[in-house]
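These are my notebook entries on one structure. I set down what I looked up, entry by entry.

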Amino acid sequence: MLNKLCIAMCAALTVSLPVLAETLTIATVNNGDMVIMKELSDDFTKKNPGIDLEWVTFEENILRQRVTTDVATKGGQYDVMTIGTYEVPIWANRGWLLPLDKLDANYDLDDLLPAVRDGLTVNDKLHAAPFYAESSMVMYRTDLLAKAGLKMPKEPTWKFIEKAAAAMTDKENSVYGICLRGKAGWGENMALLTAMSNSFGARWFDENWEPQLDSKAWHDTVDYYVSLLQNYGPPGASSNGFNENLALFQTGKCGMWIDATVAGSFISNPEDSEVADKVGFALAPDNGLGKRGNWLWAWSLAVPASTKKSEAAMKFVSWATSKEYLALVAKEKGLAKVPPGTRQSLYNNPAYMEASPFAQITLDSINAADPNNPTVDPVPYVGIQYVAIPEFQGIGTAVGRQLSAVLAGQMSVKEGLARSQKLVKRSMRKAGYPKN
Amino acid sequence: MSIKNSNRSKLFYTGLAWLISTAIFFPILWTFLTSFKTEAEAISAPPSLFFFDWTLENYREVMERSPYFRHFWNSVVISVGSSLLGLLIAVPAAWSMAFNSTKRTKNILMWMLSTKMLPPVGVLIPIYLLFRDLGLLDSLTGLVVIMTLINLPIMTWMLYTYFKEIPGEILEASRMDGATIGEEILYVLAPIALPGIASTLLLNIILAWNEAFWTLILTAAKAAPLTAFIASYSSPEGLFYAKLSAASTLAIAPIIILGWFSQKQLVRGLSFGAVK
């Protein structure tokens with residue numbers, strides 16, 4: 001009897017072994033494109049019956065904190081994580097990420113947009129696969145601009161932006177010529193201001209890592225930004241981030257908004273936006289110095305070195321960033337919902353180009369971004385709207401607070417930049433820069 | 001004249017109490033109302049308080065997108081588990097310090113409280129490494145232990161204050177009758193101090209329920225409680241206020257209901273010994 005029982009149990013175990021699923025834990029942000037990925041992930045589990053998926057979704061800052069803690073201590077809680085172009089070079093150089101050299105055979109790496117691929121490549125190896133990428137552009141109300149008797153050039157200058165903002169502002173009817181990020185944070189107001197400062201000829205550091213925040217070019221940038229928003233911006237601009245400006249634009253309160261290209265699909269979607277049929281797009285402005293104020297960011301999927309399921313994780317990354325996935329989203333959710341900015345083949349698709357009025361500008365903006373040469377004068381760092389060093393989160397946010405206070409009228413531009421220069425200098429000295 | 005005056009001051013204080021409680025309650029009411037709006041209505045300016053198209057869409061989406069009941073169950077296990085475990089340690093500790101105090105008791109109490117003065121992020125890395133090596137990451141056991149440790153100083157302090165109010169002679173009498181230490185605590189002290197023990201328990205359940213640093217850092221998918229459920233509805237790029245409000249309402253509703261039913265107990269416990 002006992003023998004029979006043993007045999008039966010062994011048989012049951014043998015039969016059940018191949019069915020025992022491996023569970024991948026995926027950490028991600030709650031952006032619309034990721035929500036769609038989660039919804040469509042049945043397609044992956046059906047194609048890979050041995051792999052189950054567990055999702056951990058978080059607000060960006062919490063995600064960054066958790067994932068950083070885990071990856072730095074080799075905790076191994078996550079098998080796939082969503083990170084940005086800022087983290088990839090830093091983490092890859094520390095050996096925290098596995099190089100993605102086991103992607104599917106038909107993945108077609110050469111189809112990835114070169115600027116995006118370069119940003120995620122470290123030591124000639126791709127360390128994260130782009131899920132969606134964005135640059136920044138000018139979004140404007142075609143009706144208000146026409147009413148003002150102006151026409152948006154495809155490549156506007158900051159001078160034109162000021163002129164158009166003045167012409168479109170109608171404070172009595174709560175219409176403001178320009179909406180820009182003012183909320184403090186390295187990924188909020190400093191993303192805009194850093195990218196903007198590049199087109200004014202400014203830079204964070206010179207070749208010897210000496211902070212340059214008290215330079216004339218930074219003064220010009222912040223002076224322009226503050227006076228533009230104070231004269232033609234919405235009230236309380238110093239607490240507006242991406243989402244607040246999105247809400248303002250969608251409800252018809254902004255004439256122009258310079259922000260992430262991903263917003264193009266939100267503001268031209270009639271379900272969410274009151275002004276969907278009255279929006280136009282143009283490249284981020286410049287000042288004639290050879291650099292535009294557009295940035296580059298790619299939310300990407302990476303596999304931490306601490307995972308014990310690297311093979312399954314690579315399979316998932318291949319699936320979620322493949323051409324087939326883009327086709328799946330187009331089929332299930334519609335062409336306009338396809339994650340933008342990663343693959344050339346998407347932009348070769350005439351149906352997509354027609355369905356998305358912002359597609360060409362997005363592509364041009366991404367192609368024009370060069371994180372390796374972001375500024376007019378040479379710099380020792382990589383990154384357009386950030387400086388790819390671990391200290392930047394801290395100093396970026398600290399300077400962001402000063403400049404947000406300047407915008408709120410709590411101190412002068414000169415004082416804000418002098419304080420910023422001082423605190424960045426101190427932080428960089430403490431961190432041991434210049435490093436040889 | 002004096003009656004008129006006292007009526008007027010009564011009216012003033014009643015008004016003031018209403019004003020303060022409305023100010024405290026308003027954010028919760030606002031969250032509740034926003035959870036029934038569409039995303040577009042949630043951000044509309046000027047905002048509408050009651051006159052909008054009420055919808056349950058956010059609740060449907062939130063329930064569909066995340067396993068609410070799993071998060072809820074995790075929250076229950078973590079908060080109730082850690083509070084009960086904490087009581088098991090705190091009651092004897094408080095008993096010992098209240099009835100058998102030595103000259104170092106005050107210092108011990110202060111030392112215990114001092115552990116609450118360190119910002120939690122200061123010990124993040126050591127705790128994380130310990131959890132990793134003990135295999136406690138993303139486990140309910142690990143969270144129950146950490147929440148017990150975090151709330152233990154408060155529990156011991158609260159119980160110590162309640163026990164100090166109880167005349168030591170009662171315990172002495174039970175000892176005269178031959179009660180052991182265990183019997184003395186269980187059959188004599190516990191029934192007398194029940195309101196205090198109950199309010200300590202309730203307060204710690206609430207504290208553990210709302211704790212949102214360790215519960216976010218030490219969990220991933222399996223042991224994540226309702227704090228993680230709320231945090232997953234904020235988005236850097238996209239509108240989320242209505243869905244976030246629905247998730248928050250779902251997360252705080254159980255603890256508000258618990259607090260509502262046990263408010264008498266809570267107030268009685270918290271004001272125990274207030275007038276000496």
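I call a crossing left-handed if the near helix is turned anticlockwise from the far one by less than a right angle, and right-handed if clockwise. The model is predicted, so I note that local features need pLDDT of at least 70 and side-chain atom pairs pLDDT 80 or more, whereas totals for chains, interfaces and linings use all residues. Residues are numbered from 1 along each chain as its sequence is written, with chains lettered from A and ligands numbered from 1 in the order in which they are written.

Entry: a helix pair in chain B.
I looked up how H5(B) passes H7(B), and the crossing is left-handed. Helices (H or I, at least four residues) and strands (E, at least two) are DSSP runs, numbered from the N terminus. H5 covers residues 105–114 and H7 residues 140–164 of chain B; their axes come within 9 Å and cross at roughly 140 degrees. Axes are lines fitted to C-alpha atoms, for helices over the stretch in contact, and angles run from 0 to 180 degrees between N-to-C directions. On the H5(B) side I found Leu109(B), Met112(B) and Leu113(B); H7(B) contributes Pro153(B), Thr156(B), Trp157(B) and Tyr160(B). Contact here requires C-beta atoms, placed from the backbone, within 7 Å. By class I recorded six nonpolar residues, one polar and no charged. Ala, Val, Leu, Ile, Met, Phe, Trp, Tyr, Cys and Pro count as nonpolar, Asp, Glu, Lys and Arg as charged, and the others, Gly among them, as polar.

Entry: strand E11(A).
Why is E11(A) largely enclosed by the rest of the structure? Six of the six residues of this strand (297–302) are buried, so the rest of the structure largely encloses it. A residue is buried if 20 or more other C-beta atoms, placed from the backbone, lie within 10 Å of its own, exposed if 12 or fewer, and partly exposed in between. I checked both faces: Trp297(A), Trp299(A) and Leu301(A) are buried on one side, and Ala298(A), Ser300(A) and Ala302(A) on the other. Strand E3(A) (residues 80–83) runs antiparallel to E11(A) and is joined to it by three bridges, with Met81(A) opposite Ala302(A). Strand E6(A) (residues 129–134) also pairs with E11(A) in the antiparallel sense, over five bridges; there Tyr132(A) stands opposite Trp299(A). Two strands pair if DSSP finds at least two bridges between them.

Entry: a four-stranded sheet in chain A.
I traced an open sheet of mixed pairing in the order E8-E9-E7-E10. Its edge strands are E8 (176–179) and E10 (279–283), each pairing on one side only. Neighbouring strands are turned by 20 degrees against each other on average, direction ignored. E7(A) and E9(A) run antiparallel and share five bridges; Val138(A) has Ile258(A) as its bridge partner in E9(A). Helix H8(A) (residues 158–168) lies across E8 and E9, at about 135 degrees to E8(A).

Entry: Val279(A).
This residue lies in strand E10 of chain A. I list Val279(A) as buried because it has 21 C-beta neighbours inside 10 Å. Leaving out residues up to four places away in sequence, Val279(A) touches Met139(A), Arg141(A), Thr142(A), Ile267(A) and Ser268(A). Phe358(A) is 79 residues from Val279(A) in sequence and 9.6 Å away in space, C-alpha to C-alpha.

Key:
Two residues are in contact if their C-beta atoms, placed from the backbone, lie within 7 Å.
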